[in-house]
Each structure stands twice: as C-alpha cells, then as structure tokens.
Amino acid sequence: MASRIDQDQVQHVASLAKLSLNDDQLKYFTTQLDEIIGLFETLNEVDTEGIEPTSSVSDQINVMREDVADNWGQRDALLANAPESEKGYIRVPTIIDESEDE
Amino acid sequence: MNYFEKDLTSLHDDLVAKRISVTDLVKATFDNIAATDPDLNAFLALNKDAALKKAAEMDEKGVDPDNILAGIPLAIKDNIVTKGLTTTAASKMLENFVPVYDATVVSTLNDKGVINVGKTNMDEFAMGGSTENSAFKTTKNAWDYTRVPGGSSGGSAAAVASGEVVAAFGSDTGGSIRQPSSFNGIVGMKPTYGRISRWGLIAFASSLDEIGPMTRTVKDNAILLSAVAGHDDHDLTTSTKEVPDFAAELNYQTSVKGMKIGLPKEFLGEGVDQEVKDAILAAADKYRELGATVDEVSLPHNKYGVAAYYIIASSEASSNLQRFDGIRYGHRSKDVKNLEDVYVNSRSEGFGDEVKRRIMLGTFSLSAGFYDAYFKKAAQVRTLIINDFQAVLKDHDFIMGPVAPTPAYKIGEEVSDPMTMYMNDILTIPVNLAGLPGMSIPAGFAKGMPVGMQLIGRPFDESTLYKAGYVFEQATDFHKQTPKQGGNN
C-alpha cells in the first residue's frame, strides 16, 4: 500500500503545530498517522457533490452583544498561573535568536 | 457511606428531616472516597476544606426544603474549571493551573447549594475512550478493577458507579459521557448541542463538545439537566429555548404507548459483540411489550462518522490547543534558548502522545493543499449524517441502539492501537456530529460487565429520552445492580 504521508510531511506538520519529534517518535507517528489518514480517505467513497458543509449545529446565529470592558480585578490571580512574572508583567526569555527574524 | 441505596430525592428528604446533617453527609462521602479511591483512582483532586466549610454554612442556615440540590455532594470532570481548585484536564500542561473563575455549570450548581467534592480523572484534554490517556493515573472500572472505565469521562463514571458520589458531571465530544456510562452501568446524558453552557469547559472541539450529567437513575439525571441547562451570555451557542422541568414528567403515568422507535440496522452490524446485540434486541422487545413499536431503520452514512469526526474534531482541537504556548499559564519548558523554544519545547513536553497525534491530524487536515480533500469533505459528510438522522426522526420519536460495540475491555489491551480505539466510537460519534441528545442507560450485561443502551432524540427533545429511559428503568432492574466493593464481580 502506498504511503499517504511520509516522514518529511509529518515533520513539516509537527513544525506547523510547534511540536518537536525525535527520530523514534517521527517513525512511530508516521506509521500511525498514515493508517489514520487511510481511514480519512474512505470519505472519497461518498458523493458530496453540491452538499453544503456543516460547521456548526447551534440554533443561534450571529448573536450580537455590546463590547464592554470589564475589570475582573484579578491581576494577581492571573499572574499566579504564569510560569514567570515580574512587576505585574509576564516574563519571557530575553534571548531571541535574531537569525529567525529575518 | 456509599450512595448505592440513595438518590437525590431520598438524600434531600434525609437532609430536610435532619436525619443527617450536610456536614455529616460530606464527611461520610470523603471517608468513603478515602477508603475506595486509592484503588479506584477516580479523583485527581479533592475539595475537602471548601466542601466542609460550605456544609457547615448550610447546616447553620438550614437546608431549603424546596431546593432538591441543597447540600448534595457531587463530582466534576477535571476539564471543567473551578475557581481556586486545580484544574488540569489530566494534562501535564496544566498540572499546576488554578482557574480564576468558575465554569457556568459550576457557578450554577454552587448557587443551588451543591457541594463539589472534587475533580475526576479523564483522558488528557478529553481525547480518548479509556481514561488511560490521563497524564496522572489509571482509573479502574467500578465493576472489575482489571478493566477500563471507558472515557474520556471515566473518573466521573467510576465515581458514580462505585457509590463514591450520587452524581457527577462529564463532557462528551464523541461519546465521552455515554460510553463510560455504558461501561459502568450508569445513566449518562449528552444533551442537545447548545443546551448547556460550555463557558469554562476547556475546549477540545467546540462544535461538538457538550457537558452533561452522569447519575445512577434517569430521574436524578433529569433533575440535574434542568438545573444547569439554559442560555448563557458567556456562551452564545447556547439556545434561548425554554428548559423544561424534565423530572416533573417522570411518574407512574409516564408511558411509551404509541411511541415509534427506530432501530438502525447499522447499529447491530459487524463488530458489535453478540451479547451486546442480544441485550439491545431484548430491550427492543421490552419496549414493544410496553406498547411502543420498534422498526428497523437505516442511517446509511453512519459508517463514515468516525472518519469525518476524527478530521473535524482534530482540526478544531489543533486550533483550540494553540493557546498552550508556555507563556501565560501552563507548563513552560526549562530547556529554552529563545522564544520559539518556549513554544516548541513547552508543547512537546506538556502534551501526551494522543494529544500530539490529534493536533498533527488536525494541522494536516487544515493545511494548504489538503483542506478541501479532508476538512471540507468531512464537513460535507457531516451534513449527510445530519440528513440521515432527520429522515429517521421525522417519523420516529427516538432511535435506540447500543452505546459501544463491546463492554469494557482490559486495561492496556487497546491503548497502543489508536485505530481500534477510534473505531470503538462508531455508535456515539454521529450523535455529536448532528448535535442531537443521546443518553446511555443500563440495559443488561455481557461477560459480566454492564451494557448500555443508547437513546437518541430530536434536537432539544431530551424529554422523550428521559420518559423512554424512565419507563425502561421501571420495567427492568439492571440499574439496581451494583458492583462489589473492590471491583471483584
């Protein structure tokens, strides 16, 4: 059976999803994803010509509300969940690899 | 004490008559959990101090005789946020996450005097059908500790089935309330999409996710759905339709006489265990005996449900889970040299394999060049699945069938094979794709393990499912059978 997705494609998808895979994981996921995408392709048996896609089954359509700012007054509680914070701000690493910005 | 002999009505009577105080009930609940849970592993976190404090306050002011939920201890799945109480979605990513607000379901229950005893185990981010994908522990089936409780709401199901709590809340994206309810012999309702607010439910697949109650009896389930259903300004997909008092319709006069029930031939096809089929066919005969008609119907696109679901759900998940970037909350990798490393290493360390698999499937299905072939195709097939249900439900009051092709399997038996795991969802997934209400109720046993029957209704017609479930329950004694302590059935 021809493979539907190869290791390069899985590596590409992982990078789009901001995930890194080592060689063993890459092999393991490629085999599994290939099998699952094979399942996806069974949908080709279905004639969907002229069928509208469904993206939501809610009975509510375009509900509008006022855009009002609300102060929860919970800055400290929110920051307590941040991995690093300082002086009321969230800290992120200062070392930015500049070559990636080009 | 355990809750095997209790329901919401009898507990309420005991509390109002002061045969037991709220404090003593809560203490007894925690004592039983302390004795049961080291082996069962249904809970990820207990809310003991806050629960006892609230119990004392309620005893102080007295239990409201008109509020059946006042002072009732119950459990909440760990992907529903609880203010000040760690909420992890069973992921290392959220191991230390303390929500700053309550989910609407939780604040509604709190306002009604319910006491949250703790957070239940689940598959990581609700992705899985056995609770084996939890990053923290493996929950057992209440009936047999060598078997899975189902999933993803496996902790909630095991907690109710083992008598640790009288009820729990779960969430259902592709069967995650109904299948563990089936595996543990309890009642689980996935209401119509939009019936219950999803505000505060950690998002997996937003067009499919739904919260619902898990209980020992149909009536308790109906009481809890009425309590938490309704429009919420924080979730604009919630319906503005009025919420019936579902339980008020359940009494000695409730009947299925004259109801038309559809039994899809696809639900009893290949891959469905013979004993499961036998239980469902016996249930169909029971309904005929009770005055309903049951005839064979067809849902021709049902077999494509699994493929369409794993494209749609994974695509929505890949988008929803982008928020876990190691910046504002959640796990942040220590091994970083730059900002990109924070994203990539935090996500790679924080997510388990099943979550990574789904994120990649979704990213693939949505990526340039593949969108039309996968995502759009799946969304079109979803329309056809909806049309199939509409055609049958036009002249049938509801649909019946099994919840899962098999009873609970052994721990470790299937978890390494994602395809087999995904195919197990074939009978529950189409209901989520169509946004319909679906309920699991106990309908027999196969190989000594509980078998659930699934009832599927028209949009916003949970009422018919509760009536049909109640009548079946009154006519059978499956729901009265309880697992032995220690799961040695």
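Colleague: In this predicted model, how many bridges join strand 7 of chain B to strand 9 of chain B?

Modeller: Strand 9 of chain B covers residues 398–402 and runs parallel to strand 7. Within this pairing, Gly262(B) stands opposite Ile399(B) of strand 9. The number of bridges joining strand 7 to strand 9 is two.

Colleague: Over how many bridges do strand 7 and strand 8 of chain B pair?

Modeller: Strand 7 of chain B spans residues 260–264, and strand 8 of chain B spans residues 293–297. Ile261(B) stands opposite Val294(B) in strand 8, and Pro264(B) stands opposite Val297(B) in that strand. The pairing is in the parallel sense, and the number of bridges is five.

Colleague: Is Ala89(B) buried or exposed?

Modeller: Ala89(B) belongs to the loop between strand 2 (73–77) and helix 4 (104–111) of chain B. Its phi is near 50 degrees, a positive value in a residue other than glycine. A residue counts as buried if 20 or more other C-beta atoms lie within 10 Å of its own. Because Ala89(B) has 29 other C-beta atoms within 10 Å, its class is buried.

Colleague: How many other C-beta atoms lie within 10 Å in the case of Ala126(B)?

Modeller: Ala126(B) is placed in the loop between strand 3 and helix 5 of chain B. Although it is not a glycine, Ala126(B) has a positive phi of about 70 degrees. Ala126(B) is buried, and the number of other C-beta atoms within 10 Å is 30.

Colleague: Which residues does the cis peptide bond of chain B join?

Modeller: The loop concerned lies between strand 3 (115–120) and helix 5 (154–161) of chain B, and Ser152(B) is found there. Omega of the cis bond is about 10 degrees, and the residues joined are Gly151(B) and Ser152(B).

Colleague: How many helices and strands does chain A have?

Modeller: From the N terminus on, the order of elements in chain A is α-α-α-β-β. Of the 102 residues in chain A, 14% are buried. The count for chain A is three helices and two strands.

Colleague: Which element of chain B gives the largest share of the side that touches chain A?

Modeller: The contact takes 45 residues from chain A and 56 residues from chain B. Elements giving two or more residues to the chain B side include helix 9 (305–320), helix 10 (339–350) and helix 12 (372–394). By class, that side has 31 nonpolar, 14 polar and 11 charged residues. The largest share, 11 residues, comes from helix 12 of chain B.

Colleague: How is helix 1 of chain A oriented to helix 11 of chain B?

Modeller: The axes of helix 1 (residues 7–16) of chain A and helix 11 (residues 353–366) of chain B come within 9 Å and cross at roughly 100 degrees. Angles of 65 to 115 degrees count as roughly perpendicular. The orientation of helix 1 of chain A to helix 11 of chain B is therefore roughly perpendicular.

Colleague: Which residues of helix 11 of chain B make the contact with helix 1 of chain A?

Modeller: By class, this contact has six nonpolar, one polar and no charged residues. Helix 1 of chain A contributes Val10(A), Val13(A), Ala14(A) and Leu16(A). From helix 11 of chain B, the residues are Met360(B), Thr363(B) and Phe364(B).

Technical notes:
Residues numbered from 1 in each chain as written. Chains lettered and ligands numbered in written order. Predicted model: local features only at pLDDT ≥ 70, side-chain atom pairs only at ≥ 80, totals over all residues. Axes fitted to C-alpha atoms, helices over the stretch in contact; angles between N-to-C directions. Helix = DSSP H or I, 4+ residues; strand = E, 2+ residues; numbered from the N terminus. Parallel < 35°, antiparallel > 145°, perpendicular 65-115°, else oblique. Contact = placed C-beta atoms within 7 Å. Nonpolar A, V, L, I, M, F, W, Y, C, P; charged D, E, K, R; others polar. Buried ≥ 20, exposed ≤ 12 C-beta atoms within 10 Å, placed from the backbone. Pairing = 2+ DSSP bridges.
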